[in-house]
Amino acid sequence: MNSNALQRIASSAALAGVVSALIISGLASPAGAQVYRSGSVYYKHVCAQAGKDEARCESFVVTDSKGRMIESKKAPIAGLTPSQLRDAYKITTNGSSSTIIAIVDAFGYDNAESDLATYRAQFDLPACTTDNGCFKKLNQQGHEKHYPPQNIGWAQESALDLDMASAMCPNCTIYLVEADNNNSRMLALSAVKAGALGAHVISNSYCGHENKDTHNAEQFYNQPGVAVTAANGDDGYGVCAPADVPEVVAVGGTSLVSYNNDRGWNETVWAGTGSGCSRIFAKPSWQTDTGCTRRTVGDTAAVANPSTGVAVYGPNNSGTSTWLEFGGTS
């Protein structure tokens, strides 16, 4: 999809989001999140709002109308599976262990390896463990020890990221790089570490505020020869950092449902997807749209609507591992 089309779609999506999403106020959650509704599906953010120099993870978990997570010990819970995702995006290769996907998230995730094992076993994906060299959990300094303390919302984000990397590239090597906290600089330094460790792909599933200091982030996320991706955000029109960095692939969101057509799926823009015009970065030479005078933030998109979400195995709010359904541009 070209950037001009994305800009038109995203702007329309923002307006649609105001009209179609019912926000139910005053429903408490560990993250202090409101509960949203799309059709008959309720969902909420798993991470709290970010402060000035912080980033927020960009994922939603499906809930009931009172904001309680819908979870299941029996597998699989509702949500798109690896085979469905691979069919929808016509992925015909399983990848190679020589390709390293680094997932950069904040805080710790105590049961990352065991939860990943459950997800992969459920869907007949090859084992990905520390012992066989497929998986590494690393701290911000790149060491397999002294991990930061667990934060449930960010651990849920990490579970989503690990499961989706597994679904789309089951033979790839996966690194989970855990930043000390969700300070934007700590996450940026973790992305640098991921590149230094040899990552070919670096996934950044978080959104920080674009401000006068944002231009400094380019030195961390501009890694030639590495595919660096970042979430566009989940709250409609607005620009996220580091998705605004010109050398980063800014990933927006869609709704994806099975459909009786040649593809077998119908995919439309999701009303919640972030998008916008950077106030900091000049328009790259490869962007030719007229929607933004500076960098247009929105390069590609994939399923993110919680109403058409994905199945994930990870921690609930008490830290117990279970099946959940997620959405979000992460």
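I started with Asp124, which counts as exposed because its relative accessibility is 72% (exposed is over 50% relative accessible area, buried under 20%, partly exposed in between, with a 1.4 Å probe and protein chains only). Before going on, I noted that this is a predicted model, where local features need pLDDT of at least 70, side-chain atom pairs count only at pLDDT 80 or more, and totals for chains, interfaces and linings use all residues. Residues are numbered from 1 along each chain as its sequence is written, and side-chain values use heavy atoms, with hydrogens and water left out.

I then looked up where Asp124 sits: the loop between α3 (112-122) and β7 (135-139). Helices (H or I, at least four residues) and strands (E, at least two) are DSSP runs, numbered from the N terminus. Its phi is near 55°, a positive value in a non-glycine residue.

Next came His146, in the loop between β7 and α4 (152-168). His146 has a positive phi too, near 50°, and it counts as exposed because its relative accessibility is 65%.

I also checked Pro242, in the loop between β12 (240-241) and β13 (249-258).

Last, Asp64: I found it in the loop between β5 (60-63) and α2 (82-88). At 22% relative accessibility, Asp64 is partly exposed. Beyond its neighbours within four places in sequence, Asp64 is in contact (heavy atoms within 4.5 Å) with Val35, Tyr42 and Ile70.
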